[in-house]
Amino acid sequence: MPEQRFETGRVFTPRVDRYSQIAVRTNRYSVPVRLIGKRVRVMLHASHPVVYDKNVEVARHERLIAEGSCRLELDHYLEALVRKPGAFPGATAQEQARSAGKFTPVHDAWWAAALKAHGDAEGTRALTEVLLLRRHIAHEHLVAGLATALRAGH
């Protein structure tokens, strides 16, 4: 075995498209919206691609095997959804988050309450701001907080 570490992944440098996605081989992966139009570095490993902006990791996904597949992370789109809340309902990223258990029935119930209280745009914007909290609070704590708020009628 070599004494020094060496990288076994393959490097790609795709440009982030207007949908905040990159193409790696035959598949697409999301990256944060702030990177739209920029080139990023991707280290493609057997089980996952890692995306870097300069030398900072900005995304890591489970590698897609089927050709033409797309993996979207809801968190990558949240800043844009604050500005354009109408894009949220039915978004592919939301559906993938729901399938992965990251967008739970508690999220849906809280969102429904927010829509009822504040209307479509402001209710969805409130949900997006709550989802941004996930960057600072563990998922299970956020869900527990939403459940508590629902029980309290807020």
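Contact here means heavy atoms within 4.5 Å. The model is predicted, so local features need pLDDT of at least 70 and side-chain atom pairs count only at pLDDT 80 or more, while totals for chains, interfaces and linings use all residues. Residues are numbered from 1 along each chain as its sequence is written, and side-chain values use heavy atoms, with hydrogens and water left out.

**V58 and its surroundings**

Leaving aside neighbours within four places in sequence, V58 is in contact with P32, R34, L35, V51, Y52, D53 and H76. V58 belongs to strand β6 (residues 56-60); helices (H or I, at least four residues) and strands (E, at least two) are DSSP runs, numbered from the N terminus. V58 has a relative accessible area of 14% and is buried, a term for values under 20% with a 1.4 Å probe and protein chains only. P32 stands 26 residues from V58 along the chain, and their C-alpha atoms are separated by 7.2 Å.

**Helices**

In α2 (92-99), the buried residues are A93, Q94 and A97. They cover an arc of only 100° around the axis, which puts them on the same side of α2; the arc is that of the directions from the helix axis to the C-beta atoms. An α-helix has 3.6 residues a turn, so residues three or four places apart point the same way. The cover over the buried residues of α2 includes α3. After α2 comes G101, with a positive phi near 80°.

Helix α4 (residues 120-132) has 13 residues and should span 18 Å at 1.5 Å a residue, which agrees with the 18 Å between its end C-alpha atoms; the expected span is 1.5 Å times one less than the number of residues. Its buried residues are G123, T124, R125, L127, T128, V130 and L131. Among the elements covering them are α1, α3 (105-118) and α5 (139-152).

**Pockets**

A pocket is an open set of points on a 1 Å grid over the protein atoms alone, where a 1.4 Å probe fits, with protein on both sides within 12 Å along at least five of seven lines; lining residues have an atom within 4 Å of a point.

| Pocket | Volume |
|---|---|
| Largest pocket | about 370 Å³ |
| Second largest pocket | about 290 Å³ |

Of the 17 residues lining the largest pocket, Y19, Y77, A80, L81 and A87 are the closest to its centre. The largest share of this lining, 3 residues, comes from α1. The lining of the second largest pocket includes E73, D75, A97, R134 and L131.

Methods:
Grid points are joined across faces, edges and corners, and a volume is the space filled by probe spheres set on the points. Buried means under 20% relative accessible area, exposed over 50%, partly exposed in between (1.4 Å probe, protein chains only).
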